[in-house]
Amino acid sequence: MFGRAVSRNQGPLAAAGRAYSRSRSQMLPSTQLSEYAQRQLGPDVIDFAAGQPGLPLLPLHLIAAGATDRFTGPKADPFILQYGPEQGYTSFRQCLADFLTHSTQHPVDPEELIITAGVSYGLDMACRHLARPGDVVLVEAPTYFLAGSILRQAGLKLVSSASRD
């Protein structure tokens, strides 16, 4: 019902999968180490279990430059690694709102954005604030591998819907 891997040759992810995974050696190894899982993960399958990006998508030089900028010199911020506002840093939410406004051509208010520490926390928060136990949730399959358990723990009823191209 809630799959972890899909064939790279099918669906809307096919072109994206081929674009960034030019060779299997550039990708991070699968976190699925059992013999069974390894037999299922051939070269035509993208493993979605851990959410690992392809190595070419990680701009390490830009991350290093950003870290250097924030940790040294006149812009050094001793509070950067402390807990921030619950809703997320105001400056980041403003940048995200500007980006979304520009890319969607619809105004996005940064006060209506919440930045989470990950999809699991975001799903849990959405369940607690937007749904009630017993509500029905339509879930695309395949989906995030922890989505089903997070939604069920919130007392929600899941209805699976196959992805379409």
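**Exercise 1.** Classify Asp124 as buried, partly exposed or exposed in this predicted model, and describe its salt bridge.

*Solution.* Step 1: Asp124 has a relative accessibility of 30%. Step 2: buried means under 20% and exposed over 50%, with partly exposed in between. Asp124 therefore counts as partly exposed. Step 3: the side chain of Asp124 meets that of Arg128 in a salt bridge, at 2.9 Å from N to O. Step 4: both residues belong to helix 5 and are four residues apart, about one turn of the helix.

**Exercise 2.** Describe the salt bridge between Arg93 and Glu111, and state where each partner lies and how accessible it is.

*Solution.* Step 1: the N to O distance for Arg93 and Glu111 is 3.8 Å; the cut-off for a salt bridge is 4 Å. Step 2: this pair links distant parts of the chain, with Arg93 in helix 4 and Glu111, 18 residues apart from it, in the loop between helix 4 and helix 5 (119-130). Step 3: Arg93 has a relative accessible area of 4%, so it is buried. Glu111, at 51%, counts as exposed.

**Exercise 3.** State how many salt bridges the whole structure holds, and describe the one formed by Arg70.

*Solution.* Step 1: the search finds three salt bridges. Step 2: Arg70 pairs with Asp77, and their closest N and O atoms are 3.5 Å apart. Step 3: Arg70 is partly exposed at 37% relative accessible area, and Asp77 is partly exposed at 26%.

**Exercise 4.** Assign the geometry of the ring pair Tyr144 and Phe145.

*Solution.* Step 1: rings pair if their centres lie within 6.5 Å, and the count comes to one aromatic pair. Step 2: the centres of the Tyr144 and Phe145 rings are 5.4 Å apart and the planes stand at 75 degrees, so the pair is edge-to-face. Step 3: Tyr144 counts as partly exposed at 27% relative accessibility, and Phe145 as partly exposed at 33%.

**Exercise 5.** Name the residues of the nonpolar surface patch and locate Leu58.

*Solution.* Step 1: Leu55, Leu58, Leu60 and Ile63 make a patch of about 360 Å². Step 2: Leu58 sits in the loop between strand 2 (45-47) and helix 3 (60-71). Step 3: its relative accessible area is 34%, so Leu58 is partly exposed.

**Exercise 6.** Find where confidence in the chain is lowest and where it is highest.

*Solution.* Step 1: the mean pLDDT of the chain is 77, and 67% of its residues reach 70 or more. Step 2: the lowest mean, 41, belongs to helix 1 (residues 14-20), and the highest, 96, to helix 4 (residues 90-104). Step 3: over residues 1-30 the pLDDT is below 50, and this stretch has 65 contacts in the model beyond near neighbours in sequence.

How values were computed: Residues are numbered from 1 along each chain as its sequence is written. This is a predicted model: local features need pLDDT of at least 70, side-chain atom pairs count only at pLDDT 80 or more; totals for chains, interfaces and linings use all residues. Side-chain values use heavy atoms; hydrogens and water are left out. Rings of Phe, Tyr and Trp (its six-membered ring) pair if their centres lie within 6.5 Å; planes under 30 degrees apart count as stacked, over 60 as edge-to-face and the rest as tilted. Buried means under 20% relative accessible area, exposed over 50%, partly exposed in between (1.4 Å probe, protein chains only). Patches are made of residues with over 30% relative accessible area and no salt bridge: like charges are joined within 9 Å, nonpolar side chains (Val, Leu, Ile, Met, Phe, Trp, Tyr) within 5 Å. Accessible areas come from the Shrake-Rupley method with a 1.4 Å probe; for residues, only the protein chains shown count as cover. Helices (H or I, at least four residues) and strands (E, at least two) are DSSP runs, numbered from the N terminus. pLDDT is the predictor's confidence in each residue, from 0 to 100. Contact means heavy atoms within 4.5 Å.
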